[in-house]
Amino acid sequence: MSLPEVLLWERLRRGQVRGLKFRRQHVLGSYIADFYCHEFRLVVEVDGSQHAAMLEQDAVRDAWMRERGVRVLRVPASVVLQDVGVVVGVIEREVDRITQGPAEGMKKRKK
């Protein structure tokens, strides 16, 4: 694992973030996710500078996962290095969005 992945794993392991269980280097089809939370079908990818040259490959991979009901959250490695707490907050907000379901504006209103 890269240094940013190690730093993020230190925060995700053992249910430290809201009791969520994350797996690292988890196989999904022919892909390996940096981190995967099965309960919320959420992949967290830490993207280093090499991903700038892999945008098309990443898009294909993300589409494959979305087709299977897996959400992909990509975070820049530079942000993890600067403040891993910011990334943890982003993950928590994504989990909140998943658990809240449709946005209020999408729900039918009572008359």
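The model is predicted, with pLDDT of at least 70 required for local features and 80 or more for side-chain atom pairs, while totals for chains, interfaces and linings use all residues. Residues are numbered from 1 along each chain as its sequence is written, and side-chain values use heavy atoms, without hydrogens and water.

Two aromatic pairs are present in the structure. Rings of Phe, Tyr and Trp (its six-membered ring) count as a pair if their centres lie within 6.5 Å; planes under 30 degrees apart are stacked, over 60 edge-to-face, and the rest tilted. W9 and F35 are stacked because their ring centres are 5.9 Å apart and their planes stand at 10°. W9 belongs to helix α1 (residues 3–12) and F35 to strand β2 (residues 31–37), so the pair ties together parts 26 residues apart in sequence. Helices (H or I, at least four residues) and strands (E, at least two) are DSSP runs, numbered from the N terminus.

W9 is buried at 13%. F35 is buried at 0%. In β2, six of seven residues are buried.

Strands pair if DSSP finds at least two bridges between them. β2 pairs antiparallel with strand β1 (residues 23–28) over five bridges. F35 is the bridge partner of R24. Two residues separate β1 and β2 in a hairpin, and G29 in the turn has a positive phi of about 60°. β2 also pairs antiparallel with strand β3 (residues 42–47), over three bridges. Here, C37 has L42 as its bridge partner.

How values were computed
Buried means under 20% relative accessible area, exposed over 50%, partly exposed in between (1.4 Å probe, protein chains only).
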